[in-house]
Amino acid sequence: MSALHSSTSSKSNNISSFDENRWVINIRRTLEEELEDDAQVPVSIFNVPKPLMSARPDSYTPQEVSLGPYHHWRPELYEMERYKLAAAKRAQKQLQCLKFEDVVHQLVKLEAWIRACYHKYLDLSGETLAWMLAVDASFLLEFLQVYTMHDGKTLTRVSSRMLHLVDYAGRKSAHNAILRDMIMLENQIPLFVLRKILEFQFPSLELADEMLISMLSGFCKELSPFKMMEVFPNINVSKHAHILDLLYEILVPQIINESDEQIEAEDQKDETQSRGSGAAEYSYVRQLLNVVLTLILKVQRGPLRLIKFVLKLPWTIISNLPGFTILRQPVDYLFFSQNKEEVKLENSSAIINKPPLVEEIDIPSVSELFKSGVCFSPTTGNISSISFDVNTVTLCLPTISLDVNSEVILRNLVAYEASNASGPLAFARYTELMNGIIDTEEDVKLLRQKGIILNRLKKDSEVADLWNGMNKSIRLTKVPFLDRVIEDVNKYYKSRWNVRLRSFVRQNVYGSWRFLTLLAAILLLILMTLQAFCSVYSCRRIFRINTTSS
């Protein structure tokens with residue numbers, strides 16, 4: 001009753017705190033604004049899809065600092081507000097003959113663009129939203145200064161008040177916590193807001209962009225799981241929505257999605273042409289066979305049940321006698337299990353055409369591939385470098401570095417791709433591939449020895465748990481270049497004679513253990529009968545066995 005009362009009271013408080021006049025004013029102003037402004041800025045900051053959020057909420061919810069409006073009002077994150085305000089004061093000192101309030105007024109003019117970036121409706125006034133983003137962006141820019149690149153080197157410039165939070169070496173837990181929060185999907189700030197604030201701190205927009213590109217380059221190199229990338233793409237801040245979008249474009253180039261869409265369209269065109277007129281004829285034949293098979297089963301079901309009942313009645317009595325209990329299970333399975341199978345078939349007929357809830361890639365593990373002769377080779381690129389060389393039997397995978405921040409980074413990249421990508425979910429497919437080939441810590445050990453996995457965690461088992469935990473996807477997708485690699489690997493693996501032998505033994509020996517048990521039980525019964533017979537009658541005399549020594 002107390003819980004019901006508290007929930008009712010909370011609902012009533014929310015209703016009473018709702019400002020109807022402000023809501024009407026916001027709706028009227030939104031409708032009066034030009035629609036062209038909203039069309040130019042696509043939605044890029046989403047709520048994490050519920051299937052992903054339910055699997056690991058802490059990986060998508062900020063734990064240290066809130067950036068933007070989604071988590072700003074959470075009380076447990078208020079401790080960082082003093083550091084945000086301190087960063088805003090230091091940013092005000094860098095302004096050229098301006099006040100911080102002037103920056104806020106410029107952000108108010110961009111209110112329509114800012115609101116258009118967020119998928120969630122922001123029940124805030126334009127001024128409140130501008131002040132919030134101005135303060136949060138000041139803190140974010142000060143933190144990004146740690147990763148400023150100059151001549152290929154990182155300049156570590158940290159304010160004295162941020163020393164206990166910021167540590168470029170990553171030894172402080174607060175630093176890693178802020179890094180994880182900065183890359184979360186629901187904790188993003190549009191890049192044009194950062195550009196606008198830097199524009200007031202530099203003489204020109206070009207210099208401000210150079211500074212922002214330098215900071216983002218160092219930051220993405222630090223957070224990128226693919227540390228060994230030789231060619232790091234040039235960054236154009238005007239073409240990226242936020243930091244997570246920039247990191248995704250670096251790891252999953254747009255050329256992959258474009259080529260995959262072309263291949264998929266060509267495959268679908270070939271399939272439709274190959275089917276042609278034969279599709280209709282095949283469907284009719286299939287329907288006819290299904291009807292005939294159903295009638296045969298219905299006709300035979302009555303007499304068969306009568307015969308089975310007649311045979312099962314004495315067998316039930318015999319199987320309970322001493323010495324015959326061993327035969328009960330195999331005989332029941334061989335002769336009286338068809339009724340159960342028919343019931344299973346009838347019950348399962350309704351769910352045959354339902355798609356699987358979670359797609360699992362059918363591919364052997366690293367250990368199994370290694371035993372069958374597959375070699376593993378690391379590459380210095382992104383996921384576009386994944387390939388399988390049939391001639392050298394080599395599976396090429398990009399070198400990936402895993403540390404305490406990797407799980408949050410990988411999960412939020414998958415969530416952003418699922419929310420924003422219109423084409424194939426290439427990065428999600430990559431995580432499913434790694435989940436498929438990594439089952440145990442032995443698989444991780446092999447990949448670590450080959451240089452594909454750089455393990456910054458404590459044990460290999462933690463890496464295995466990381467990949468095996470990432471088995472939730474939003475929707476089934478096909479990524480042609482990755483699916484082709486998986487198909488080639490499976491084709492080679494199943495063509496090996498030792499794999500075929502193992503599969504044959506598994507299907508024909510292990511699968512028929514009930515029949516072998518029946519044969520063993522019959523042999524045992526014959527031997528027991530022979531022993532009982534010989535104990536009563538003299539077998540030596542009957543079989544004329546001479547036991548006298550020469």
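Visitor: Which residues of strand β5 point one way, and which point the other way?

Guide: In a regular strand the side chains alternate between the two faces of the sheet. Here T394, C396 and P398 point one way from β5, while L395 and L397 point the other way, and all of them are buried, a word used for under 20% relative accessible area, with exposed meaning over 50% and partly exposed in between (1.4 Å probe, protein chains only). Since 5 of the 5 residues of β5 are buried, the strand is largely enclosed by the rest of the structure. Please keep in mind that this is a predicted model, in which local features need pLDDT of at least 70 and side-chain atom pairs count only at pLDDT 80 or more, whereas totals for chains, interfaces and linings use all residues. Residues are numbered from 1 along each chain as its sequence is written, and side-chain values use heavy atoms, leaving out hydrogens and water.

Visitor: How many helices and strands does the chain have?

Guide: Helices (H or I, at least four residues) and strands (E, at least two) are DSSP runs, numbered from the N terminus. The chain has 25 helices and 7 strands, and buried residues make up 41% of its 550 residues.

Visitor: In which sense do β3 and β5 pair, and how many bridges join β4 to β5?

Guide: β3 pairs with β5 (residues 394-398) in the parallel sense over 5 bridges; in this pairing C375 stands opposite T394, and F376 stands opposite L395. β4 and β5, by contrast, run antiparallel and are joined by 3 bridges, and here F388 has L395 as its bridge partner. The hairpin of β4 and β5 has 4 residues between the strands, and V393 takes a positive phi near 50° there, although V393 is not a glycine. With a relative accessible area of 13%, V393 is buried.

Visitor: Is P378 buried or partly exposed, and which residues is P378 in contact with?

Guide: P378, which is found in strand β3, counts as partly exposed at 35% relative accessibility. Apart from neighbours within four places in sequence, P378 is in contact with L397, T399, K450, G451 and I452. P378 and K450 are 72 residues apart in sequence, yet their C-alpha atoms are 7.1 Å apart in space.

Visitor: What share of the chain's contacts with a separation of 6 or more comes from residues 24 or more positions apart?

Guide: Residues 24 or more positions apart account for 71% of those contacts.

Notes:
Two strands pair if DSSP finds at least two bridges between them. Contact means heavy atoms within 4.5 Å.
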